[in-house]
Every structure is written in structure tokens, then in C-alpha cells.
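Student: I have a model open and would like to go through it piece by piece.
Tutor: Fine. Start wherever you like.

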Amino acid sequence: MQNQRSQTQLTNFLLFIIDSNATDRSTHRQWIQRTTPISFDIQEIESGEQALEACARTPPHCILLDYHLPDMTGIDFLSRLNGGRATSDAPIIFLIGQGDEEIAAQAIKLGVQNYFIKHSLSEDFLTHHIHQAINQLSTVHRLQSLERQSTTILRSSVDGLVVVSTNGLIRFTNPAAEHLLHQTAEELLDSPFGYPLVPGQTSEISIAHHLTSSTPVEMRVVPIEWDNEPAYLTSLRDLTERRKAEEERQRHETERQHAQKLESLGVLAGGIAHDFNNLLMAIVARAGLALRSLPSDSPTRTHLDIIEKSGLRGGELANQMLTFAGQTQLVFQSINLQQFLKDSQSFLRSTVSKRITLTFQLANELPAIYGDRSQLRQLLMNVVINAAEAIGEQDGMISITTSSLDASTQDFSEYHIMGDLPTGSCVSLNIQDTGHGIQPELVPKIFDPFFSTKFPGRGLGLATLLGLVRGHGAAIAVRSQVGHGTEFWFMFPRSKQPTMQQSPSVTLPVNPSSNPTPTKILIVDDEEDVRTTCSLILHEIGFDALVAQDGKAGAHIFEQHQGQIALVFLDLTMPHVDGGKLAEKIREIDQAVPILVSSGYTEEEAMKHFAQSKINAFIQKPFQVEVLIAKILELTKAEVKSE
């Protein structure tokens with residue numbers, strides 16, 4: 001059959017045009033007949049099944065195949081054609097649509113020689129490749145085509161390819177190699193390659209292109225023949241993107257391991273924070289009770305004031321631990337950072353030594369950011385206090401600067417970055433100090449809990465800061481050098497929400513109670529010190545206390561004394577039955593009795609557990625005696641007033 005084809009090639013060439021579009025088939029026929037001197041027997045076929053039958057009857061010399069057929073795809077046709085071996089050596093030209101390159105790749109695997117985008121196909125282009133298909137039927141033309149294809153592959157390779165003779169001179173380069181070597185083909189031809197060649201070995205070289213920069217390149221060398229002479233084919237692969245990807249992968253892996261470590265510590269910190277809050281509650285409340293019992297001129301009041309304030313500051317630390325543990329809910333709103341920093345100036349100045357100069361350079365008309373005010377205040381405090389400790393007792397300066405910038409245009413190559421830099425314009429907060437600084441290699445460790453350059457065991461430190469920044473979708477860039485201080489960049493995404501003022505906490509009104517003279521208050525808390533202390537506070541303002549150590553006992557006591565209970569004061573976190581479930585039980589019995597919730601969580605986070613119950617007020621642990629008394633009197637007075 002092959003001999004018969006060779007003899008009939010120039011006199012009767014059979015071509016199948018397989019396309020469902022009659023207009024396209026006619027156009028392609030006219031193009032071929034008009035430009036080809038060889039006599040063609042062209043058959044137009046509409047469907048895949050018809051084409052398969054025709055191929056089985058008389059195998060064609062060439063096929064022009066459209067991907068879109070009425071009864072099957074071009075890929076289906078090729079699979080069945082090759083499976084049946086109806087034609088094994090007929091060149092196939094495959095027509096695809098825009099963006100169908102993956103389909104074309106499948107077609108090539110099934111034996112297609114060429115593929116083209118149909119709507120961009122021209123007469124010259126089509127007939128050229130028809131001629132090429134004819135030539136491929138002969139051995140000589142197949143070899144010529146193979147040579148042309150090999151050259152195309154060499155020149156289109158994304159890797160740089162250089163043929164080097166045994167005397168070290170360059171004989172051939174492709175465009176990718178010329179780009180890597182920063183010279184034209186004319187400049188490189190017959191010039192020394194300049195790099196050691198070891199056949200069969202992969203090595204890494206550095207190609208310098210400026211005085212201060214170079215490109216890392218992977219080089220592979222294999223022996224070949226070039227123009228009938230021994231030579232070496234050298235492939236050059238640019239490693240720049242691979243290095244960047246590897247660095248990025250390592251950075252993300254480091255952050256992932258860091259996050260896992262923080263998560264484990266967060267569970268521990270959360271548990272400690274709850275117990276710590278209850279201890280502080282007893283300390284603050286007892287100090288408050290003692291203050292109420294002392295005359296105003298008693299010298300003991302100074303000591304008790306310090307105890308009370310220290311307990312409240314301890315409560316702030318407990319809240320930091322809850323934030324670190326991810327157990328607090330941030331109250332996000334649009335914030336004007338410029339105004340926020342102006343409002344915080346006096347507070348920040350009070351936290352540093354008078355020998356330290358605190359300067360502010362605040363940009364005008366700065367875009368708003370979307371954040372939580374209390375957490376931003378804590379962020380400022382952490383960094384400023386850390387900077388002040390780095391300066392110590394000597395004279396120094398801490399500068400706070402804001403600006404609007406595009407992080408992608410800044411050079412952060414000397415900084416350690418945590419988080420993903422915001423894309424596009426963002427709001428930056430820069431804090432620099434003139435402290436002693438630390439070694440650059442220690443900078444990545446400053447976000448580890450309990451890490452310190454001074455002495456061990458100082459606390460969560462900047463690990464809490466990292467959690468706050470991540471919660472705001474921001475990034476941190478840090479740079480430090482011994483003797484030159486430390487610099488923090490915080491980059492926040494711009495807010496898409498309108499700027500709003502911080503909304504005050506609102507106490508819900510109390511419904512009238514059916515009991516005209518309630519005299520008791522039910523205290524439900526799993527900490528004995530809290531129950532005892534609150535009982536003493538209630539006794540001072542004329543109420544009797546009923547106490548329960550958990551929600552189950554609290555529900556039982558409420559059922560027994562509900563007509564005498566003026567208010568229920570309950571904790572959120574308790575064993576067996578927690579505050580949320582207890583509130584539901586109480587509301588099933590009495591819709592009117594006021595419920596005051598206490599927790600170490602923030603109000604927003606705690607109220608999630610009382611979605612099904614009406615809660616009248618909230619007080620966060622640790623609280624001062626006067627604050628609790630004011631809440632109780634407000635709620636019970638509202639009840640009496642409503643009678």
C-alpha cells in the first residue's frame with residue numbers, strides 16, 4: 001500500500017475535509033484547489049461517523065479535521081481512527097477554537113501533526129501546511145521536516161541552549177540563552193563560553209549582568225554531534241523564580257510552624273486567663289470593700305488603691321492572654337488612624353521615661369483602616385514599651401510616623417516580614433527607636449512567646465502583637481541592628497467602611513416583675529472567692545445573697561426562691577450547666593427577672609452564648625466594687641420604678 005501511495009502521490013492526492021460547517025468546508029476546498037498545482041481528490045465530510053466509514057474504505061493521504069463535529073468531538077474521532085488503524089501515516093491538520101490549547105495537546109498525543117486556531121486560519125497558512133503534509137509522505141521530506149521542527153524546539157525552549165565545540169567556542173544559541181547571557185546571537189557566535197563543561201553533570205553557575213547583581217543558573221551538559229563534529233549541548237535554566245518560590249515556601253512553612261506553636265500555647269493561655277481573672281476578681285473586689293469601710297483620710301487607702309489598680313491591670317493582661325488564645329471577639333469599625341494616635345499621645349507619653357523623646361509625624365488626610373480600637377491601643381502600648389525598655393535609662397527617642405503607601409513599591413529586602421503585604425495602597429504605621437537593637441538573626445524570634453533579649457520569662461511579649469496584626473489582615477516588617485535601634489512597619493489594608501464613632505455599651509431595660517418586694521440576689525459562679533466577695537458587696541447595699549456553684553444548682557435555687565429574687569448575677573463559664581443554658585432555664589420560668597452576666601470575655605464574645613435569652617446587662621471581670629453596685633442598683637431601681 002505504501003508503494004502504491006508513493007506512485008500516486010503526484011497524480012491523485014486524496015484529502016478529507018471533516019467539518020460540520022458547509023461554508024468552512026467549501027472555503028478550505030477553494031483555497032487548496034486555487035493554490036496547489038497537484039491534482040487533489042477532495043472529499044467533504046460532515047460527521048465523524050461518515051468520516052470513519054470513508055477512512056475504512058479508502059485511507060486518505062491527508063486529513064483536515066475540525067474539533068467540533070455534530071456527532072462526536074475531534075478527539076473522539078482521533079481515538080477511534082487510531083484504534084482501528086484505518087490510517088496510520090496520513091498527516092492530520094487539527095482545527096481548534098481560541099483557548100483550546102489543552103485539547104490540541106491531547107490531539108497531538110493521538111497523532112496530529114499540526115493544530116491551528118480556526119478563525120485565524122488564512123489561505124496561505126492552510127495551503128502551506130497542506131504542502132508540508134504532502135512532503136511528509138516521503139522519507140527525505142520527513143527528515144527535512146524533523147530538522148525544522150528540532151530547530152524550532154531549540155529556539156523556542158524556555159531554557160537557554162548553547163552548543164559549545166570541544167575547543168570551548170559557542171556554535172549555537174537560542175533566544176533564551178541570549179537573554180540569560182545578555183548578548184546577541186552575533187556577539188556570542190564563535191566567542192568563548194567561559195564556564196567549565198563536565199559532560200553528564202548538573203552544576204550551578206552565576207551569570208553576572210551588573211556590577212552588583214547576578215542570575216543563579218542551573219547548567220546541564222551532554223555530549224552531542226554538531227555539523228558532524230563532537231560538541232556539547234549546554235542547557236541553562238534560570239533559578240531566580242525557583243529561589244523566590246522556595247524562599248516564599250520556607251517563609252510560609254516557618255509561619256505555619258509558628259502558628260501551630262502559638263495555637264498550642266493559646267490553649268494554655270486561655271485556660272490560665274480564666275482562672276487568673278477569677279483570682280483578680282477576688283483581689284479587686286476585696287480591695288474595693290476595704291476602701292469603702294475606711295475613712296477618707298486613712299493612710300491605708302493608698303495601699304488599697306494600688307492593690308485595686310494593680311488587679312485591674314492584671315485583668316488587662318488576662319485579656320491579652322485571651323486575645324492571644326483567640327478567645328476574644330474584636331469589634332471592628334473604620335478608624336481614622338491619625339485621630340486615633342492624637343488621642344493616644346498622652347497615654348503613650350505616660351508609659352515611657354521622661355528622658356525619652358516621643359515624636360509623632362502624622363500624615364494628613366490618611367485613609368481609614370478597619371480595626372478594633374482596644375487592640376490597636378494594645379499594639380501601640382506593646383511596641384512603645386518594648387522600645388522604651390530597649391533604650392533603658394539613657395536619653396533616646398521613639399518616633400511614630402504614619403503614611404499612605406504602596407507596599408509593593410517599597411524595598412523590604414532587609415526586613416523580616418510576618419504576614420502577607422497588602423496589595424495596592426495601604427496605611428502604614430512606622431515606629432522606630434534609638435535603643436540598643438538586636439542582632440538581625442534574632443529578629444525572627446522576637447515573635448516567639450517568652451522570648452526576650454534581656455532576661456527569660458517576661459511573658460507573651462510580641463507574640464500577642466503578631467496575633468493582633470493578623471486579626472487586622474495586616475503585615476509586619478521588622479529591622480534591627482545592634483547599636484542602631486529597631487524599626488517596626490505595620491501595614492494595614494484600607495477600610496472600605498465609613499468611619500464611625502465607637503458605640504457605647506447599652507444596658508437593656510428591665511421588664512416589670514410580679515413580685516413587689518424582692519430582697520434577694522442569686523449569685524451563680526464556680527469560684528468560691530467570687531461568690532463570697534460578691535455576697536459581702538450585696539450585704540453592704542442591703543441585699544441577701546443566694547449562692548450556687550454551677551448552673552444546675554443555680555436553676556434549683558431559682559425555682560425555690562423565684563418570688564424573692566430581685567436579680568440573677570451569673571458567670572458565663574461553669575461546669576455542667578454554663579451561664580448560657582442557665583439563662584435559658586430562668587427565662588422559661590420568669591421573663592421579667594433581671595439577669596446580669598459576668599465574664600472574663602469581652603461583652604461581644606460573651607453575648608454569643610446568650611443569643612436565645614434576654615440579658616439585661618454585662619460586667620467584665622475583674623470589676624470594681626462601685627461598678628458592680630452601680631449595675632445592681634440600676635437594674636433593681638429600674639424594676640422598682642416600673643411598678
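Student: At roughly what angle do the axes of helix α16 and helix α17 cross?
Tutor: First, the ground rules. This is a predicted model, in which local features need pLDDT of at least 70 and side-chain atom pairs count only at pLDDT 80 or more, while totals for chains, interfaces and linings use all residues. Residues are numbered from 1 along each chain as its sequence is written, and side-chain values use heavy atoms, with hydrogens and water left out. Now the pair: α16 (residues 551-561) and α17 (residues 579-589) cross at roughly 15°, and their axes come within 9 Å. α16 and α17 are therefore roughly parallel to each other. On that scale, angles under 35 degrees are roughly parallel, over 145 roughly antiparallel, 65 to 115 roughly perpendicular, and the rest oblique.

Student: How are helices, strands and axes defined here?
Tutor: Helices (H or I, at least four residues) and strands (E, at least two) are DSSP runs numbered from the N terminus. Axes are lines fitted to C-alpha atoms, for helices over the stretch in contact, and angles run from 0 to 180 degrees between N-to-C directions.

Student: Which residues make the contact?
Tutor: On α16 they are Gly551, Gly554, Ala555, Phe558 and Glu559, and on α17 Leu582, Lys585, Ile586 and Ile589. Contact means heavy atoms within 4.5 Å. By class, the contact of α16 with α17 has 5 nonpolar, 2 polar and 2 charged residues. Nonpolar covers Ala, Val, Leu, Ile, Met, Phe, Trp, Tyr, Cys and Pro; charged covers Asp, Glu, Lys and Arg; the others, Gly among them, count as polar.

Student: Which strands does α16 lie across?
Tutor: α16 lies across β19 (520-524), β20 and β21, running at about 140° to β20.

Student: And in what order do the 5 strands of that open sheet come?
Tutor: The order is β20-β19-β21-β22-β23, with parallel pairing. β20 (544-548) and β23 are at the edges with a single partner strand each, so one side of each has no neighbour in the sheet. Neighbouring strands there are turned by 20° against each other on average, direction ignored. Two strands pair if DSSP finds at least two bridges between them.

Student: How many bridges join β21 and β22?
Tutor: β21 (residues 565-571) and β22 (residues 595-599) pair in the parallel sense over 4 bridges. Asp571 stands opposite Ser598 in β22.

Student: Next sheet. What is the order of the 6 strands, and what is the pairing?
Tutor: They form an open sheet in the order β12-β14-β16-β18-β17-β15, and the pairing is mixed. The edge strands, β12 (356-361) and β15 (416-418), each pair on one side only. Within it, β14 (residues 396-406) and β16 (residues 425-433) are antiparallel over 9 bridges, with Leu405 opposite Cys426 in β16.

Student: Which strands does helix α12 lie across?
Tutor: α12 (residues 337-349) lies across β12, β14 and β16, at about 170° to β12. Helix α13 (residues 373-391) lies across β12, β14, β16 and β18 (485-493), at about 140° to β14.

Student: At what angle do α12 and α13 pack?
Tutor: About 50°, with the axes of α12 and α13 11 Å apart. That makes α12 oblique to α13. The crossing of α12 and α13 is right-handed. Residues in the contact include Phe340 and Phe347 of α12 and Leu376 and Met381 of α13. The residues of the contact of α12 with α13 divide into 8 nonpolar, 1 polar and 2 charged.

Student: Changing topic: where is Lys118?
Tutor: Lys118 is in the loop between β5 (114-117) and α6 (123-135). Its side chain makes a polar contact with the side chain of Asp24 at 2.9 Å. A polar contact is a pair of N or O atoms within 3.5 Å; within protein, one must be able to donate a hydrogen and the other to accept it, and residues adjacent in sequence count only if both atoms are side-chain atoms. Leaving aside neighbours within four places in sequence, Lys118 is in contact with Asp19, Asp24, Asp66, Leu95 and Ile96.

Student: Last one: which residues does a cis peptide bond join?
Tutor: Lys621 and Pro622, with omega about -15°. Pro622 lies in the loop between β23 (617-620) and α19 (625-641).

Note on methods. Left-handed = near helix turned anticlockwise from the far one by under 90°.
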